[in-house]
Amino acid sequence: MDTGFLSTIFVQLLKGVPLTLNLGVLALLGGGCLALVLNLLRVTRTGNAVASAYVFVFRGTPLLIQIFMIYYGLAGFGFIRQSVLWPFLREPYWCGLLALILNDAAYTSEILRGGLRAVPKGAVEAGRVSGMTRLAILHRITLPIAFRQALPAYSNEVISILKATALVSTITLMEVTGIARAAVSETWRAVEIFLCAAAIYLALSLLVTRLTAWAERRLSPWQFGESP
């Protein structure tokens, strides 16, 4: 094993980490907001049908195809090329980010939906009795409890979207995997290069796991035998 080459390529791949984190964090933020909207839509029959169809489509199709559909497919519609959105939709960064947000929203919506169902009705009734508005109940009771219940499953989604950012390398974005693919095409040393890329993704996943465990302990200390 050429340790000199490994250290050189590892440093080179680290240059792609900011873009990987940028895409991952923005996708989670955008996907989380959209997931909340989808769950709010579910209070009506029509809204529930729309949300269910959205989740079915984006969970039932590969993320790679969604990226290709947005990056290559939207250019085929003239009204999109002539719209104000075209300066963004012709850029691989915005196309990749949009695909990640839409895909993450479908999965986060279902995770949040499970968390919302776990909110005790008694807690909501207590909020109403104490005179809280619906918005205050949502902000101070429903969402905190739902997020606490959904946190273990959501940590898996965070790791999944982090790894999914590797797919945007297929539309020329030079994040960690994009840099790795370019390096392989130049050196043909795929094993060493992808081994370094895997180590970076493992380190990021470990960081997410640790942060999630810390958040779980902070939000539910009684479940870990700790005093609140």
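View 1. Helices here are DSSP runs of H or I with at least four residues, strands are E runs of at least two, and both are numbered from the N terminus. The unreviewed UniProt entry annotates residues 20-41, 53-80 and 190-209 as "transmembrane region"; such annotations, given in the numbering used here with shortened feature names, may be inferred rather than shown by experiment.

**View 2. Residues 190-209, end to end.** Here the end C-alpha atoms are 28 Å apart, and this span is likewise 100% helix and 0% strand.

**View 3. Val17 and its partners.** Look for Val17 in helix H2. Beyond its neighbours within four places in sequence, Val17 touches Val176 and Ile200 (contact means heavy atoms within 4.5 Å). Val17 and Val176 are 159 residues apart along the chain, yet their C-alpha atoms are separated by 5.9 Å.

**Notes for all views.** Residues are numbered from 1 along each chain as its sequence is written. In this predicted model, local features need pLDDT of at least 70 and side-chain atom pairs pLDDT 80 or more, while totals for chains, interfaces and linings use all residues, and side-chain values use heavy atoms, without hydrogens and water.
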